[in-house]
Structure formats: structure tokens, C-alpha cells
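User: Hi! I've just opened a structure I have never looked at before. Could you walk me through it?

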Amino acid sequence: MEKAPSPISIPEKTPLQDPPEASPKPYKKSFVTTLMEAATLRSPSFKEDTYFISHLKSSEKKAFQELKDKLMASYGPDGECTMWGIPLLGGDEKADVILLKFLRARDFRVSDSFHMLEKCLAWRKEFEADNVAEEDLGFKELEGVVAYMHGYDREGHPVCYNAYGVFRDKDMYERIFGDEEKLKKFLRWRVQVLERGINLLHFKPGGINSIIQVTDLKDMPKRELRVASNQILSLFQDNYPEMVARKIFINVPWYFSVLYSMFSPFLTQRTKSKFVICREGYAAETLYRFIRPEDVPVQYGGLSRPNDLQNGPPKPASEFTVKGGEKVNIQIEGIEAGATITWDLVVGGWDLEYSAEFVPNAEGSYTIAVEKPRKMSPSEEAIHNSFTSREAGKMILSVDNTASRRKKLAAYRYIVRKSTLV
């Protein structure tokens, strides 16, 4: 069976124009740029625990049993000791995963792990955390904007997005954080988002037992959100140990990178291995390393729109690279007369020219400019368009990066629906 030809074709490169007269001077990195690049370099990627008891060291197995014994002695076989609906003294593997999270968070120090666990149980009871996921807290305007679960990463971890730039608006800030009661309500809502994400976890050895956090730092008001940020961080650190497999920071301003490069030597290797720091303008490239394009929200250079997930799993996208000085044509052939083709296409950081045309098969027919060539700005979202053909032919989607030296990641997908007319 012959292999189907690739729909992507690359015309002969158009050489970039040589600079007039003298060549440019050698580029010297500034102090800030050097620090930013150092901060962007990640430690070896975080490797999530398997949570198989058989994979533990002998000292860790001993600590695990000691923690279980302490719990039994404190609460008794019939004591109320549950988290996320899982009895911690039930003896099943789900309980083992939770107990190992508390041990890992305290480096298997049994006394410290037990103290953390007790405080967390007390907090969940006082906060009524088991019920918060189903409450209507009245933050509809923040859903899908400030903090929200959206899709999964390439390994199956649920992904939580966070973006606080909307709070630069003073009216919005006052509505949400205007007094102590409003702040408490917001914190409860933020816990609600996390609890909904945790409800998607397996709590099973070898399964998906943590989430991914993506935090957008663009336009984030630092001073105004200091109190709320500190309280959120404290709540999560104290009560949700080892629940985050990776923390991805996007649209990071230069000063954050500088600060990170300064305090990173004081972080543990395990903590640093969870961090991914991405400068502004590189969100799509960074997120694509961990999340498929069809699961990345359109505002971050992906193909996923808010209502897409309501229609079931997203249609997979094909990924490709557009090199600097290169033009790429995506040819979608075999379109019958009367058929409708719908496509999505995105290039991370755009800043190039895009066009679409339909080429009929019949000789003498004219090529139709479906979308005339236009410059796509770096901030533009994915193209979503459709075209109904009157005759058989092919669609050609073009991305022209000949005016740039920067390599860019891109993705597209399409579906062709045949005419229902007989």
C-alpha cells in the first residue's frame, strides 16, 4: 500500500534580503537578557511518583507504615478520616496515594507529615471543602478568564489556567477584593476551581494523580494582588501537597525572570524541576511542548475555543514547523463539488502572512481567493473558516514566513462534509 503524500509542501525558499552595506555588529547580550535566559533553563523535568508501594525505598516504606499507624492510633478504625471521599484508613490504594503525597511533601518525616495531615483534615472540615465543588459562588464573570480547568496535557494531566490581568481594572478589582468578605468569597471560589480539577484525578498507583498549572503573568497587578496571592499560595501549599506536576509561567516579564534567577538557588531540585518559565511572545511554543494544540486555548496560540469541549473530545490537529525564510503550503485535496471544508490553523507568535485559496481540478476554471494574503499580528488567535465548493478541487492554506528568521511552531486541522443534495 502506497504511503499517502504529505499535505504540506514547501516552495523554494525566498532568500532574506541582505543588509545594506556593512554587516551588523556582533550581538551582545544585556545583563537582563542573560538572567532571563538563565531563568528559562529548566532543571531536569519533574518525574511524578508512581505511588506503587513496591517502588519505595525501605526507609520510605517504614515511614509509610508509621504514618498509617499514627493515623489509626489517633482516629481509630471507625474515626472520621477522609479526603476527597476516600477513607484514609480503608487500606485501599487510593488512600495510599494520598498518604504518600503528605509524606513526600515533608521528605518522609513521619511526625511532620502527620502534623500536616491533621491540620489539613481540620481545615477541610471547617472550610467544608468536600461540598465546595458544587456550590454556586456567583463568579460567572471570572469563569474561563481568571482560573479554570481546560483540557489535558500530553500525558493526561488536567490543566488549570490562571490569569489575573483583568484585575488591573479598578472597578473589577473593587467588585472582587473590595473588603474582607469579598476576599474570603474569592478564595473559596479559587479553592472550588482546584477541587474540580482534583476530582478528575485517578488517585491510583501508576495513574494520573496531579494537575498542571499554567499561570499567565501578563498585566498582572503585583501590589494589589499581594494579599490574595499569598493567601492562595498558603492554602494550596498547606492542604494540597504534591497535587501539581508542573507549573508553567507564560508571558513572564523580565523582572520576574531576574527574581527567579536570584531565589532559585534556594529552591530544592524537586521544586525547580516542576517550573517552566516562558517569556512573553513564546507561549504557544512552550505550551505545545506539554499540551497538544487542540487542547491549548486560542488566546495562548492554540485551537481550543471555550465551547469546544462541550462537544466531546477535540479533533486532533497536525503539527508542523515553519522555518525562518520559508513559505509552507498545506494542500487539502479530494474536495468534491458541493462539499464544505472547515479548517482551523494557527502559528505560534504569527507575525507572518497567511492566505487561503481554492484551486478547481477542471482546466480553465479560475482559482478562488478564499482569504486574501494578510499579515497576522503576534497576538491574533487561530484562523477558523469554512468554504463550500461549487466544483471539485483542492484547498491551499499558505503561511509565508520569508520575511522572518525565526522558526515558528504551527498546527492545523480540517473536516470536509459532503453535500447532502442528491
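Analyst: Happy to, and we can go from the overall picture to single residues. One thing to know at the start is that this is a predicted model.

User: Good to know. How many helices and strands are in the chain?

Analyst: The chain has 11 helices and 16 strands.

User: And what share of the residues is buried?

Analyst: Of the 422 residues in the chain, 45% count as buried. The chain exposes about 23,400 Å², and carbon and sulfur atoms supply 51% of that area.

User: What about contacts along the chain, what percentage join residues at least 24 apart?

Analyst: That comes to 77%, taken among contacts between residues at least 6 apart in sequence.

User: Let's go inside. Which residues touch the most other members of the largest nonpolar core?

Analyst: Those are F167 and F186, in a core of 68 residues. Leaving out residues up to four places away in sequence, F186 touches F139, L142, V146, Y164, F167, I176, F177 and I232. There is also a second, separate core of 49 residues, which includes A163, I212, L397 and V399.

User: Switching to charges. Why would two side chains pair up like that?

Analyst: Side chains with opposite charges can pair when their charged atoms come close.

User: How many salt bridges are there here?

Analyst: The count is 21 salt bridges. One of them joins D49 and R104, with the closest N and O atoms 2.9 Å apart. This pair links distant parts of the chain: D49 is in the loop between α1 (31-40) and α2 (58-75), R104 is in helix α3, and 55 residues separate them.

User: Is D49 buried or exposed?

Analyst: D49 is buried, because its relative accessible area is 18%, and buried means under 20%.

User: Can you show me another pair? What does E141 meet in a salt bridge?

Analyst: The side chain of E141 meets that of R175, at 2.9 Å from N to O. Here too, distant parts of the chain are linked: E141 sits in the loop between α5 (129-132) and β4 (147-152), and R175 in helix α6 (residues 170-177), 34 residues apart. E141 is partly exposed at 39% relative accessibility, and R175 is partly exposed with a relative accessible area of 44%.

User: And which residue forms a salt bridge with R292?

Analyst: That is E319, and the closest N and O atoms of the pair are 3.5 Å apart. R292 lies in the loop between α11 and β9, while E319 is in strand β9, 27 residues apart, so this is another link between distant parts of the chain. R292 counts as partly exposed at 27% relative accessibility, and E319 is partly exposed at 36%. Salt bridges with shared partners join R154, R292, E294 and E319 into one network.

User: What does S304 do in there, which side chain does it meet in a polar contact?

Analyst: The side chain of S304 makes a polar contact of 2.7 Å with the side chain of H150. S304 is located in the loop between α11 (283-290) and β9 (318-322), and it counts as buried because its relative accessibility is 2%. Setting aside neighbours within four places in sequence, S304 is in contact with H150, P293, E294, D295, V296, P297 and V298.

User: Last topic, backbone angles. Which residue has a phi near 60°?

Analyst: F108 does, and that is a positive value in a residue other than glycine. F108 is in the loop between α3 (93-105) and α4 (110-127), and it is buried at 12% relative accessibility.

User: And where is D351 found?

Analyst: D351 is in the loop between β11 (340-347) and β12 (352-360). D351 has a positive phi of about 50° although it is not a glycine, and at 37% relative accessibility it counts as partly exposed.

Terms used
Residues numbered from 1 in each chain as written. Predicted model: local features only at pLDDT ≥ 70, side-chain atom pairs only at ≥ 80, totals over all residues. Heavy atoms only, no water. Helix = DSSP H or I, 4+ residues; strand = E, 2+ residues; numbered from the N terminus. Buried < 20%, exposed > 50% of the residue type's maximum accessible area, 1.4 Å probe, protein only. Polar contact = N/O pair within 3.5 Å; in protein donor to acceptor, adjacent residues only side chain to side chain. Contact = heavy atoms within 4.5 Å. Core = buried A, V, L, I, M, F, W, Y, C linked by side-chain atoms within 4.5 Å. Salt bridge = Lys/Arg side-chain N within 4 Å of Asp/Glu carboxyl O. Areas by Shrake-Rupley, 256 points an atom, 1.4 Å probe, with all protein chains shown as cover.
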